[in-house]
Amino acid sequence: MTAKTITATFPKAVLFDLDGTLLDSAPDMLAAINNARAARAMPPMLLAELRPHVSKGARAMVAAAFPDVDPVERDTWIPSFLDHYQAELGRHCAPFEGVEPMLAALEAAGCVWGIVTNKPEYLAAPLLPMLGWQDRCAVLIGGDTLAARKPDPLPLLVAAERIGIEPGECIYVGDDERDIVAARAAGMPSVVALWGYRLSSDDPIAWQGDVLVEQPAQLREAAAWPVANV
């Protein structure tokens, strides 16, 4: 964690990315990818091979699974992959270790939290009751909810509007560069979730988030959070 702008109070609101930040969804994604590969008589992919690509989205995962296929043709396979993923939704995933105690600490402090993800809303929404979050998550914005998605700031701004808190008083937590870019454009302080999914070429320090955090458990402490832009 960097030493930049820390505070001893919890933020009023926290918005989270989903895959790679709150939820270790890579096992579900792997099952879907391997179903797609089996349909084309290909051997299974290993979790370690797919995991770094999960936060980059469906196109990146399909590209990692089928690297020798023409990109134009490969993009036509994305709907089929999403169908496979929908069939596996919630069967193998779990919150990252420390996420539940972190959320409980936020709730105990009166902090409102929600989710802004690039996962399509029709795939994100069913996960909330599976995880017991349906009455705890104050807002859910998916990648298809609005006219734009991250790194555009619109989803973060709309989420803040829906929970009735100024963007500068919200903190955004994500594990991908586009999360931090979106937060900066929305005027939200940001937390880089280093426990998430990253390619070996990614440099999270270069993203210039307000703080970098190794594990969700660290965010149980008020001093771990960046100061709101007020």
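The radius of gyration is taken here over C-alpha atoms, and the globule rule is 2.2 Å times the number of residues to the power 0.38. The model is predicted: local features need pLDDT of at least 70, side-chain atom pairs count only at pLDDT 80 or more, and totals for chains, interfaces and linings use all residues. Residues are numbered from 1 along each chain as its sequence is written, and side-chain values use heavy atoms, without hydrogens and water.

**Exercise 1. Determine how the radius of gyration of the protein relates to that of a compact globule.**

Solution. 
Step 1. For 230 residues, the rule gives a radius near 17 Å.
Step 2. The protein has 17 Å, so its value agrees with that of a compact globule.
Step 3. Along the principal axes, the C-alpha atoms fill a box of roughly 55 × 35 × 35 Å.
Step 4. Of the 230 residues, 53% are buried, where buried means under 20% relative accessible area, exposed over 50% and partly exposed in between (1.4 Å probe, protein chains only).

**Exercise 2. Describe the largest pocket and its lining.**

Solution. 
Step 1. On a 1 Å grid over the protein atoms alone, a pocket is an open set of points with protein on both sides within 12 Å along at least five of seven lines, a cavity is a set where a 1.4 Å probe fits but cannot get out, and lining residues have an atom within 4 Å of a point.
Step 2. The largest pocket holds about 400 Å³ of space, a volume being the space filled by probe spheres set on the points, which are joined across faces, edges and corners.
Step 3. Its lining has 24 residues, and Gly57, Ala58, Asn118, Lys119 and Arg149 lie nearest the centre.
Step 4. Helices H3 (58–65), H5 (78–88) and H10 (177–186) each give two or more residues to this lining; helices (H or I, at least four residues) and strands (E, at least two) are DSSP runs, numbered from the N terminus.
Step 5. The largest share, four residues, comes from H5.
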